[in-house]
Amino acid sequence: SLKESPRRATFAATAAANSMPFEFIDAICPADLRRGATIEGCRVDITDLRWTHHERADPRRQQTPLTFSEIGCAYSHLTCWQLGKKRGLDHICVFEDDAAICRNPQGIDIPDAADMLYLGNRVPHNKDGEITADGHGTEGYVLSRAGIRKCLEIFAVLYMPVDLQIMAHQWCNIRRKSRISDYRRDLDSGCYLNARVATRPYCHHPDHNESQMYPSDSQRLVAERDRLRLELKALHRSTSWRLTAPVRALKTALGLATRSAKRAPGDHS
């Protein structure tokens, strides 16, 4: 959670309502990055931008592959993982401060061999908790000791938003040939994550919450405006093609007929 974030009070209230003890970890914000904040064991590399095709309709990707907010978000998750490793914990449970706690995760049933367990309601899954499609879910998850080790290896180089880079290195996505997994960089297969989803969520992401990527209403509105502009351009291109296609086809036919008529006088066959 960002320092002095108004979300802290809301998170604390939902956690208290579910008798869940927790510890706030100060997130890294764009201002920290401008002052030179870094994370030991992680470097940012944006020399390979193939993954941005996964979000080609997102207006942010027209301007930058990674925003300062996305880098800060990834660094903040890394801070939690490094803290879990330093403390020698068997599991860590990480929540972003816009997660609304709906159940106490203490005593949670973590499937055998699971490195990661999503706790929210935004990752598609079947009744057994097996992931069936791409989703979003870093508002709440559990990492095992092995999961912490693997994530720290995966993020030795940061090149995607944290949720996408995690998904790209999950066995379930690699096996079902999810497009996002095609963009992962070479890594020892022993670092791939066995990820599952809690069949009953322990938290949810309120739909009305503005994105962590847009810390102010004005930035959110600008992003929404840009998104709508892109959609309108795409619609215009599509509509223009449908309206002009018959005309172009008619012109082509007339052109062929005209050329045939011009050739006709000299054609003695």
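In this predicted model, the buried residues of helix 4 sit under cover that includes helix 3 (68–86), strand 2 (91–95), strand 5 (140–144), strand 6 (157–158) and helix 5 (162–168). Helix 4 itself takes in residues 145–154, and its buried residues are G147, I148, K150, C151, L152 and I154. As background, an α-helix has 3.6 residues a turn, so residues three or four places apart point the same way.

Strand 5, one of the elements that cover helix 4, is itself mostly covered, with 5 of its 5 residues buried. Going along strand 5, G140, V142 and S144 point one way while Y141 and L143 point the other way, and all of them are buried.

Strand 5 also has pairing partners. Strand 2 pairs with strand 5 in the antiparallel sense, over 5 bridges, and here F95 has G140 of strand 5 as its bridge partner. Strand 4 (residues 116–118) pairs with strand 5 too, again in the antiparallel sense, over 3 bridges. In strand 5, L143 is the residue that M116 stands opposite, and L143 points the other way from G140, V142 and S144.

Then there is the surface to look at. V44, I46 and L49 make up a nonpolar surface patch of about 220 Å². Of these residues, I46 belongs to the loop between strand 1 (43–44) and helix 3. With a relative accessible area of 43%, I46 counts as partly exposed, because that value falls between the 20% limit for buried and the 50% limit for exposed.

Conventions: Residues numbered from 1 in each chain as written. Predicted model: local features only at pLDDT ≥ 70, side-chain atom pairs only at ≥ 80, totals over all residues. Heavy atoms only, no water. Buried < 20%, exposed > 50% of the residue type's maximum accessible area, 1.4 Å probe, protein only. Helix = DSSP H or I, 4+ residues; strand = E, 2+ residues; numbered from the N terminus. Contact = heavy atoms within 4.5 Å. Patch = residues over 30% accessible without salt bridge, like charges linked within 9 Å, V, L, I, M, F, W, Y side chains within 5 Å. Areas by Shrake-Rupley, 256 points an atom, 1.4 Å probe, with all protein chains shown as cover. Salt bridge = Lys/Arg side-chain N within 4 Å of Asp/Glu carboxyl O. Pairing = 2+ DSSP bridges.
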